Amino acid sequence: MIGTLLRRDLGLLLPGGRGGGGVLPLLFFLAVAMLYPFAVGPDAQLLARTGGGVIWVAALLAAILPLDKLVSADLDAGMFDQLHLRGVSEEAAMAVRLLAHWLAFAPLLLLATLPAAALLGLPGETVRTVLLGLLAGTPGLAAVGLAVAALTASLRGGAALAGLMVIPLAVPILIFGAGALSRPDPGALLLTGAISLGLCAVTPFAAGAAIRAAREG
């Protein structure tokens, strides 16, 4: 049942899936990398110094775009009621949805980092640090997004509210992930990974409780 649910969620969230729009975060991410050099000018040193942080901000904003497709449509369609009748708890469903959400956007985002880094003229060591930081931080971004999407799924205008809530909650990941670019030691990357692990552990329970309250309410 869990495998079937994962395949169903991936089919919904992946680019070209039934939900549509899965490619928008990737296009948004690349658009930011393309437009930033036009905004600050052709100063190669400035681009190399600030480009890593720009990639992190673009990744955070790109992670917000799919939030309206994560929970609300299935809640309105009664899918969680059906899963409950089949013995699948809301926490298990949210754990699967978290994995599917990360798989749907993070690997493509990591691949898109390479052309984005080329557009920004980032040196190889900076690109490596950015990739490691995103690998450590994107699970946390996915977890925050899913938790907020579940909390706001039953509210009018929940998608806009979710976007506003995700940004401050994701700031610690952004601080340590982007902060690793200015530190020679791996401490910031380890802290980024630790925050992500903590968020991934808590999110299925928080999101599951929110879904249960919305379903029973």
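This is a predicted model: local features need pLDDT of at least 70, side-chain atom pairs count only at pLDDT 80 or more; totals for chains, interfaces and linings use all residues.
Trainee: How many helices and strands does the protein chain have?
Mentor: Helices (H or I, at least four residues) and strands (E, at least two) are taken as DSSP runs and numbered from the N terminus. Read from the N terminus on, the elements run α-α-α-α-α-α-α-α-α, and the count is 9 helices and 0 strands.

Trainee: What is the radius of gyration of the protein chain, and what does the globule rule give?
Mentor: The radius is taken over C-alpha atoms, and the rule is 2.2 Å times the number of residues to the power 0.38. The two values are close, so the chain of 217 residues is as compact as a globular protein of that length. The rule gives 17 Å, and the radius of gyration is 18 Å.

Trainee: What percentage of the residues in the protein chain is buried?
Mentor: Buried means under 20% relative accessible area, exposed over 50%, and partly exposed in between, with a 1.4 Å probe and protein chains only. Among the 217 residues, the buried share is 46%.

Trainee: Which helices do the buried residues of H2 pack against?
Mentor: Helix H2 covers residues 24-40, and its 17 residues reach 24 Å from first C-alpha to last, close to the 24 Å expected at 1.5 Å a residue, where the expected span is 1.5 Å times one less than the number of residues. Its buried residues are Pro25, Phe29, Ala33, Tyr36 and Pro37. An α-helix has 3.6 residues a turn, so residues three or four places apart point the same way. The buried residues of H2 pack against helix H3 (44-64) and helix H6 (90-120).

Trainee: Is arginine 49 buried or exposed, and what is its relative accessible area?
Mentor: Arginine 49 lies in helix H3, and its C-alpha is 38 Å in space from that of alanine 206, 157 residues apart in sequence. Arginine 49 is exposed, with a relative accessible area of 60%.

Trainee: Which residues does glutamate 90 touch, not counting residues up to four places away in sequence?
Mentor: Glutamate 90 lies in helix H6 and is buried, with a relative accessible area of 4%. Taking contact as heavy atoms within 4.5 Å, glutamate 90 touches His84, Gly208, Ile211, Arg212 and Arg215.

Trainee: What separates the C-alpha atoms of alanine 188 and phenylalanine 176?
Mentor: Alanine 188 has its place in helix H9 (residues 187-216) and is buried, with a relative accessible area of 4%. Leaving aside neighbours within four places in sequence, alanine 188 is in contact with Phe176, Gly179, Ala180 and Arg183. Alanine 188 and phenylalanine 176 are 12 residues apart along the chain, and their C-alpha atoms are separated by 5.1 Å.

Trainee: Where does glycine 87 lie?
Mentor: Glycine 87 is exposed, with a relative accessible area of 67%, and from C-alpha to C-alpha it is 21 Å in space from serine 72, 15 residues apart in sequence. Its place is the loop between helix H5 (79-85) and H6.

Definitions and conventions: Residues are numbered from 1 along each chain as its sequence is written. Side-chain values use heavy atoms; hydrogens and water are left out.
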